[in-house]
Amino acid sequence: MAAQIIGFDENKKRLSTQQLLMQVYAALDRGETNFEVLSSGHHNIGGPLWTEDGSPLKFSVKNPGQRVGSFGLSGTSITVNGSAPADAGWLNAGAELIIKGDSGDTTAHCAASGKIYVAGRVGTRSGSLMKHDPAFDAPEFWVLKNTGSFCFEFMGGGTAVICGIDSDDFDTVLGDRACMGMVGGTIYLRGEAKNLPDEVWLMELDEADREFLSQGLPTFLEKIDRSQHLETLTDFSQWKKITAKTYEERRWRHAQRISMREFRMNKWVGDGGIFADVVKDNYDHVAGLVNAGEDRLKIPHWQNKAFCAPCEAACPSSIPTQDRINLLRAGKYKEAIELVLQYSPFPSSVCGEVCPNPCMDACTRQFIDLPVAMPALGKLSMEAESPTPKADSGKKVAVIGGGPGGLSAAWHLRLLGHGTTIIEADKEVGGKLRQVIPTDRLPADTLGHEIKRVKDLGVAIKTNTPVDKALFAKLQQDFDAVVIASGAHNPVVIPFPGHERLVKGLEFLKAVNNGENPPVGEKVVVIGAGNAGMDVCLGAYAMGAKQVTAIDIQRPAAFKKEIDHFEKLGGKIEWPAFTEKVDGKGLHTKDGRLLEADTVIISIGERPDLSYIPREWLTERGMAEVDDCGQLTKAPGIFAIGDTIQPGLLTHAIGHGREAAEYIDEYLAGNQLKAKKKLPQISQECLSKELFRPHNRSRFSFTDATKETSRCISCGTCRDCGMCLEACPEGAIRREDCKDGSFEYISDDHLCIGCGICAGMCPCGIWGMEQVV
Amino acid sequence: METMRLNDVTANDLPWKIKYDASRCTMCGSCVATCSFRAILPKVERRRMVFSEGNFPEPKARFSAVPVIRQAKSIRNYCRGCGMCEKVCPNDAIKPERNQDTRHPVITRCLGGDSIKRGGRKNLEGSTRTLDSIRVGRISQMTDPSLDAQRHTFDLLAPFGRILPPKKLPFSPDVDQQLVTNALTPPVNWIYPVIIGDMSIGALSWRMWEGVAMAVAYLNEECGLPVRMCSGEGGVPVRLLKSKYLKYMILQIASGHFGWNRIANAMPHMVEDPAGILIKIGQGAKPGDGGLLQAGKVAEHIQAIRGVPKADLLSPPNHQGLYSIEESVQKMFLSFNSAFKFRVPVAIKVAASATSVSVFNNLVRDPYNIVGGFFLDGIDGGTGAAHEVSLDHTGHPIVSKLRDCYLAAVTQGRQGQIPLWAAGGLGKTGDLAADAFKMIALGANGVFTGKLILQMAGCIGNDMGRCNACNTGLCPAGITTQEPQLAHRLDPEKVAQNIVNYFLAMDQEFKKLLAPIGNSSLPVGRSDALVATDHAVADRLQIQHVC
């Protein structure tokens, strides 16, 4: 006789869950093992309960509340006669729970052992978090009909069987979205399942499955009194099973996606992608952040002699001192001192003595210690032998004027193989070099030596032959080309009151150099403080003046060297000073001062006398009008140089002479003349001057000009030092000898990464980096 | 003596200083080879020491000249801080360091006489970002069931297209009492709530643009995420227009109308409709200004697709033919709806502005049902090139403006009819899911993003002045350049893979935010889910203040 547990008191009032369960415990303590419970929604009936001797417990329950059979232990069997509300079999730990009607939501939630049999439907989230503890038998959860949605969420183990009886009106027997998060266990289902997650397999039954069901179904149906369905349910063709994917299978699923490469090659827009018609690119090639070859951002180029050294750029005669020094460095002394004669016949007289040396003002070495000693280098060439002229061309050129420009033109014309005749008005050639430059600035034998070298080359000279219109016309006829190099010999005079009292500077200097000792007073004022003015001042002192004052209307244009020399002799320079008039007392300035003077000399420049050529060949200012090639614009074949086109230095006239010779050479060959441009000057930025150790300025002495090889940077011309070759991190640079005896450095495109260290280290600025990007 | 003069540019005038350790450097050349900005150079340095070793003064001298890496001191070739030198240096010998004392903003203007231009985003760091003072603060626990982010399924879909209110849906029962539609409804595409924002083929290298397009296709085809990409102004590769992948592309028209000739001519060959059309009126990063593609980036294919010669390409600040809101609705919306026979939704993008709500209110009326979306772009948006003054000082933050527009629609009972899409600095901290989620809870239907996509691809720029040189065309990552040598650095497959992976991660993170508030679809306007730790933010956005 089972213990009767009634959920009502004598007044038919419902007992609390606690009161009902206390009745159960009391009966259990009395040794009862069989319970008939008339409940009224009381919770937690059926567990966790046990007997000391292990004898089984049996409950028969009507109208239970939630969580019937919760924590039910092995040995407990609970039968619900009718339906059960939510959480039946919650945390079932081994009990048998038979529900003969439907069961509510979350049936078998967290069941970990035991068996739950339901004769009807189960609610939402049923079977969720079922699991299997290996120390116990796996839980089983049998449902005759179907489940609500979200069932078997997070299921970790055990077996569920959903038989799908009476479920034809439902789309699925598992509701919507079953098995979310399922990681273990097996669900057998008879019918459809929809919206299953990726985490599970939906499979056909195998032999073991069929055996499990064959064995379990009769028991299940018997327990719930529905054996009539056995035949229907044992048609296994209607069954499927769901199992969770294993951990490995889930990982595999992620790895399952095709690679981006496969996607691009096989699915993406074919034949090279979406830009293939407008951009040529191979996506298989992915560059690094540092690349050789095509993907370099910069490409080095060995640009030997692509840029002009500053000295050469600054030299009006374009003398390439870097080449001269490179020859000296290579031990080719003779070639070195002769090289300069290709540019000027006066290396010693001009470079070495009277030239203000703009090359030195430009010299890179000055930024390290002192500029390269150009005058000393120039003097080395005094004794140099003339280069051998080219074979006689049979052409004849007349050069009007034997000054530095005319001599230079004649010299170079001869070297080019042309017959050359200088027509000189004075008794001797040399022009202003000889006529006006004080001999303490230019030793006569130096000049004489260099003029002789010109003469010895075979230049014909006619002295005492001033050119007039008639002679000019004859020269035009007799010669294939004419060079006008007659200089500027007409002193400029300003017509202020008393200008007739002025001594003309040029004539004064000529008289001095001619040994005529022109007289001067004790006090001398020189108008004009340019370089010629300074020469006049020196001449005045040489002729016995006690006090020489130079004036100018602007900052004196003379070189500092000249001014210093003058001031050392006691000379004074006043500027700005504008002349009002000159009288017996001296020079009156416009601001009312009197500069006392016995002699006033004017030296503000000279104009060329070109009265022997037609007026229309001249500019408005009376200079020869020439094109870019020094050729008279209105008279082809006639070239003008030096002061006849523009006032300049001696070295300008010498440079013009060489240029004219070269253009005439082209002209005589019948070629179209094209202006030659000097190469652009190298930028100081490109020169790694830091590689040169500065000399202590206090210890300088130029005893031997050939030692300047150690100081010249060789701007723009490779000095073959090999810094680049050694520094290149990729070993991409090699040096090769060329057939003509020269050499070159080559950067291998396949090795070079475009770092620019070669350019960054080159002392001479030879390596240029082409910016690709 | 070579001396500096007062106004000579030195490293200390520049925004970044190169920190270089000659003792660690092997002169391998990597840093100088990789630097696309020509900001570092190999140079020779003198080392000189006069010393005495004896018991009495006895001068000796030591001299050496050593190669080193030097910073270029120029306002043209200056270090942008991209750090590629540091990345390639095998010896940790070199890196850029931010220079607090930079005079760059002043000297650049003084020396150049021109406005400063750059790419990137606003570089002025303000206080905490509005979005960072907002938390997802309504967590479903005992109140209502929360969801499981990893295991439950979510519908992360947002509309691109005009949504009709229920009463206006042209449904009616037929004789069998089944609902049938009896009129055309405006097209709506339900897409992922993050659109890859409009970056043009001129702004990006072809490798980058194709990588993004490929990522979008992959996300759709292989991952099931219906992500869409907006083409940006300036044309679409014809081969893409003719491919089936056009369906993932939103085509953009902006004031320059660049590239539409080829789009129109490709129409007869299209096998799919595009996902949508976006009319760009303005951009958050430089409101009031049009596109600015600098000549360095106008490569040959850009010239061809755009139909212009190599030059700085400035799109006008306004569409030349539009004079009023009404006209933009009438003309632009109608034109683009009709261009695709009313099958493709058309939306509009404007820079967030003090006037945005008026514009939105006007669009919301939409009597013709042709306004398929309102895209609002805030001040923190990125750009390939803009005047720095515009980037840093013009514009309107997105958060409150989006909220204003949403609430304006709510007031009229019309929320959701014109989808609201927001952008402008979203994902700035790297976490787009959080920013997007908050914007959605404040009323956005979805968000769009651009700069973050570049960062996924490998862009090393940031909002503290690092790199930001997209405008120069010298992008060291090969992303915003048209120089082949730089573009080759970028692997389009890697770009696509990174974007795909970011989206997959973000997708999980969206769910991590949706689950606790118990939404399995986007919580548009669910501002009850948000709380703000800042009182002013809470007040302004009408959300709960917490502390």
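This is a predicted model: local features need pLDDT of at least 70, side-chain atom pairs count only at pLDDT 80 or more; totals for chains, interfaces and linings use all residues.

Guide: Happy to. As for handedness, α16(A) passes α17(A) in a left-handed crossing.

From α16(A), the contact is made by A:G505, A:F508, A:L509 and A:V512. Facing them from α17(A) are A:A532, A:G533, A:D535, A:V536, A:G539 and A:A542. Sorted by class, this contact of α16(A) with α17(A) has 6 nonpolar, 3 polar and 1 charged residues.

Stepping back, the domain assignment of chain A gives domain 4 as 493-604. Two of the other domains are built from two stretches each: domain 2 from 310-384 + 680-771, and domain 3 from 396-488 + 608-668. Domain 1 covers 3-245. Taken over C-alpha atoms, the centres of domain 2 and domain 4 of chain A are separated by 42 Å.

Elsewhere in chain A, have a look at A:Q66, in the loop between β3 (57-62) and β4 (76-80). A:Q66 counts as buried because it has 20 C-beta neighbours inside 10 Å. Apart from neighbours within four places in sequence, its contacts are A:H43, A:P85, A:A86 and A:D87. A:I319 is 253 residues away from A:Q66 along the chain, and their C-alpha atoms are 113 Å apart.

Chain A also touches chain B, in a contact that takes 47 residues from chain A and 55 residues from chain B. On the side of chain A, the elements that give two or more residues are α5 (260-267) and α21 (757-761). The largest share, 5 residues, comes from α5(A). By class, that side has 28 nonpolar, 7 polar and 12 charged residues.

Helix α4 (residues 206-221) of chain B packs with helix α15 (residues 492-517) of chain B at about 45°, their axes 8 Å apart, so α4(B) is oblique to α15(B). Here the crossing is right-handed. Residues of α4(B) including B:M208, B:V212, B:A215 and B:L219 meet residues of α15(B), among them B:V495, B:I499 and B:F503. The residues of this contact divide into 12 nonpolar, 1 polar and 2 charged.

Methods:
Residues are numbered from 1 along each chain as its sequence is written. Chains are lettered from A and ligands numbered from 1 in the order in which they are written. A crossing is left-handed if the near helix is turned anticlockwise from the far one by less than a right angle, and right-handed if clockwise. Helices (H or I, at least four residues) and strands (E, at least two) are DSSP runs, numbered from the N terminus. Two residues are in contact if their C-beta atoms, placed from the backbone, lie within 7 Å. Ala, Val, Leu, Ile, Met, Phe, Trp, Tyr, Cys and Pro count as nonpolar, Asp, Glu, Lys and Arg as charged, and the others, Gly among them, as polar. Domain bounds come from an automatic or database domain assignment. A residue is buried if 20 or more other C-beta atoms lie within 10 Å of its own, exposed if 12 or fewer, and partly exposed in between; C-beta atoms are placed from the backbone. Axes are lines fitted to C-alpha atoms, for helices over the stretch in contact, and angles run from 0 to 180 degrees between N-to-C directions. Angles under 35 degrees count as roughly parallel, over 145 as roughly antiparallel, 65 to 115 as roughly perpendicular and the rest as oblique.
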